[in-house]
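Please open the model in the viewer and follow the selections in the order given below.

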Amino acid sequence: MPLSNEHISSKLPHVKTTIFTTMGALANKHKAVNLSQGFPNFSPDPLLLDLVTNAMKEGYNQYAPMAGTMQLRKAIAAKFNSLYQAQYNPESEITVTAGATQAIYTIISAFIRTGDEVIVLKPAYDCYEPAIQLNGGVPVFVQLQGTDFHIDWDEFRSKITSKTKMVIINTPHNPSGTILSKADMLQLQACLKDTNIILISDEVYEHIVFDGASHESAAKFEDLASRSFICASFGKTFHITGWKIGYCVAPSALMKEFHKTHQFNVFCVNHPVQKALAQYLQQEEHYLGLNDFYQEKRDFFLSAIEGSRFKLTPSQGTYFQVLDYSDITQESDVAYAERLVLEKGIASIPISVFNAQQKDDKQLRFCFAKTNETLEKAADILCTI
């Protein structure tokens, strides 16, 4: 007799199909302009494609070392030294992962036990909470405030208890497109000082910051760096999200525990891609030019919707723009996002699904990592509303 749903005790009973899958399927079904899911609709650099092909032809088709190829780990270490004046030992403090999501899941699995509390800033990327819950942990939410999504540091401090094992931050921030300032990072450092709390700093959009601002990596702050896993994504940086490759860095004592779980999770990551990325990273312009590249796209999109009824604050980073539709309708953001696909042929992501208690501020997230042609089509639709 096959097992039925009533015989299965789910470890995630309240998890449903993600909003990304839902909106993506709806967009495909109705052939909508899709600005919902966070990936580019243009090709990566042909040079990078050639480097991967060459690595395959040269025979790098078997298992890579568990922590990643040494050439790539050295390139990552050099990048941290150059950008943040931070020293990470490629032998013991850097690991290549199957995307940042795998790194985050592995970190949580390695350290969170039943009853441990993990502070999560909401709205938050949707992989954090299930990973905490699967490992018996308890997510503790701090809702970001206002249209600028700022942290109420008094509230943050009030959520730290004897059970707090970990804090997760994300800067530049998905879905809001905001960044944490130096003052924010210093506040965070002061809050965590003299504790044993581990920090996960999700920095997958580290190279996408606008208007001359700086990315304030946790690596730049001595006490934060001493307790932090910093997670990053080659997929976001080099328009190769489908390759699922990223990395994390951390002090050796933390990374040693990470490896105990990582080796039984994925063990190692795509070998020829690692060989290619190690060569590609030798040219700093391959990632340092990303700020200008995406700022041009942001500005193109914002200029094109200037006459629309949506309200906005220009994105500070990432390739997402939040639009406020409260002057248009008071219906829920989920309902409105679905109606925009059905009636107007444009797909976005409602912000409430990322908020504590699904707080609905009448905001939608649009991805501008698209060709100008796609952005122009989307803007034409938005301006008719």
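**Stop one: Asn 41 and its surroundings**

In this predicted model, select Asn 41 together with Ala 369, Lys 370, Thr 371 and Thr 374, the residues that Asn 41 contacts once its neighbours within four places in sequence are left aside. Asn 41 and Thr 374 are 333 residues apart along the chain, and their C-alpha atoms are separated by 8.8 Å.

**Stop two: helices α1 and α14**

Next, select residues 19–29, which form helix α1, and residues 333–344, which form helix α14. The two helices pack at an angle of about 15 degrees, with their axes 9 Å apart. An angle under 35 degrees counts as roughly parallel, and α1 and α14 are therefore roughly parallel to each other. The crossing of α1 past α14 is right-handed.

Display the side chains where they meet: α1 contributes Met 23, Leu 26 and Ala 27, while α14 contributes Ala 337, Glu 338, Val 341 and Leu 342. By class, this contact comprises six nonpolar residues, one charged residue and no polar ones.

**Stop three: the cysteines**

How many disulfides does a search of the whole structure find? The search finds zero. Select Cys 268, whose nearest cysteine sulfur, that of Cys 248, is 15 Å away. With 15% relative accessibility, Cys 268 counts as buried. Finally, select Cys 191, which counts as buried because its relative accessibility is 11%.

Notes
Residues are numbered from 1 along each chain as its sequence is written. This is a predicted model: local features need pLDDT of at least 70, side-chain atom pairs count only at pLDDT 80 or more; totals for chains, interfaces and linings use all residues. Side-chain values use heavy atoms; hydrogens and water are left out. Axes are lines fitted to C-alpha atoms, for helices over the stretch in contact, and angles run from 0 to 180 degrees between N-to-C directions. Helices (H or I, at least four residues) and strands (E, at least two) are DSSP runs, numbered from the N terminus. Angles under 35 degrees count as roughly parallel, over 145 as roughly antiparallel, 65 to 115 as roughly perpendicular and the rest as oblique. A crossing is left-handed if the near helix is turned anticlockwise from the far one by less than a right angle, and right-handed if clockwise. Contact means heavy atoms within 4.5 Å. Ala, Val, Leu, Ile, Met, Phe, Trp, Tyr, Cys and Pro count as nonpolar, Asp, Glu, Lys and Arg as charged, and the others, Gly among them, as polar. A disulfide is a pair of cysteine sulfur atoms within 2.5 Å. Buried means under 20% relative accessible area, exposed over 50%, partly exposed in between (1.4 Å probe, protein chains only).
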